[in-house]
Amino acid sequence: MRKHRSSTTSPPSGFSLVEVTLAMAICALAVITLLGLIPQGMELSRKTSQMTDSSYIIEQIMRDLEGSTWTSLNRNKSSSTSSGTQNFVGTETRYYDLQAAPVAKDSSQIVYVAAFSFFDANLPSDSTAQNNLIRVMGRVASTSNPAFNFSKASPASYVTFYDLISRTRGNLSDKR
């Protein structure tokens with residue numbers, strides 16, 4: 001015996017051209033959006049790396065300074081002018097490579113330049129505590145130019161830090 005097939009047809013399987021086109025448009029929009037975020041992510045990564053390296057350099061400098069003798073810190077201290085402002089006399093400059101390791105001034109691997117100066121603490125009252133404190137101002141720039149001039153550059157192009165160094169037991173024997 002023969003079976004009769006039904007005369008009703010089954011719905012077509014698969015997606016229509018409109019559905020496929022719409023799905024491709026949505027995917028293309030998502031890919032274009034993600035591609036637009038790549039430059040922002042790269043810039044953020046670069047800035048974060050510079051901030052991390054600058055922080056490491058600052059820590060390294062402060063560790064070196066805090067381990068110095070009181071006499072050597074005082075020798076580097078800037079003097080005040082007649083108007084009361086302080087000069088950057090005795091500013092020390094150091095140079096660092098991509099891994100924030102110290103390098104020589106004439107090195108081709110310079111990536112960071114750090115400069116720091118020493119000043120009196122300028123406490124509000126004339127106290128003996130002022131004789132035991134030195135203020136440090138440091139700046140770190142991401143530049144390969146060993147002659148980088150912090151005073152002529154925009155403050156946005158470098159990181160500035162301030163710190164106080166006190167005379168401690170280790171360097172108390174040094175006379176001011």
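The structure holds 3 aromatic pairs. Rings of Phe, Tyr and Trp (its six-membered ring) pair if their centres lie within 6.5 Å; planes under 30 degrees apart are stacked, over 60 edge-to-face, and the rest tilted. This is a predicted model, in which local features need pLDDT of at least 70 and side-chain atom pairs count only at pLDDT 80 or more, while totals for chains, interfaces and linings use all residues. Residues are numbered from 1 along each chain as its sequence is written, and side-chain values use heavy atoms, with hydrogens and water left out.

Two of the pairs are set out here.

| Ring pair | Centre to centre | Angle between planes | Class |
|---|---|---|---|
| Phe148 and Phe150 | 4.8 Å | 85° | edge-to-face |
| Phe150 and Tyr158 | 5.1 Å | 85° | edge-to-face |

Ring pairs join Phe148, Phe150 and Tyr158 into a cluster. Are Phe150 and Tyr158 buried or exposed? Buried means under 20% relative accessible area, exposed over 50%, and partly exposed in between (1.4 Å probe, protein chains only). Phe150 has a relative accessible area of 5%, so Phe150 is buried. Tyr158 is at 14%, and therefore counts as buried too.

Next comes helix α1. Helices (H or I, at least four residues) and strands (E, at least two) are DSSP runs, numbered from the N terminus.

Which residues of α1 are buried? They are Asp53, Ser54, Ile57, Ile58, Gln60, Ile61, Met62 and Leu65. An α-helix has 3.6 residues a turn, so residues three or four places apart point the same way.

Ser54 lies in α1. Its relative accessible area is 6%. Contact means heavy atoms within 4.5 Å. Leaving aside neighbours within four places in sequence, Ser54 is in contact with Tyr112, Val140 and Val159. Ile57 touches Tyr96, Ala100, Tyr112, Ala114 and Val140, not counting residues up to four places away in sequence.

A nonpolar core is a set of buried Ala, Val, Leu, Ile, Met, Phe, Trp, Tyr and Cys residues joined through side-chain atoms within 4.5 Å. The largest one has 17 residues; Ile57, Ile61, Met62, Leu65, Val136 and Val140 touch the most other members. Elements giving two or more residues to this core are α1 (17-66), β3 (112-120), β4 (133-142) and β5 (158-166). The largest share, 5 residues, comes from α1. A second, separate core of 10 residues includes Tyr95, Val103, Val113 and Ala153.
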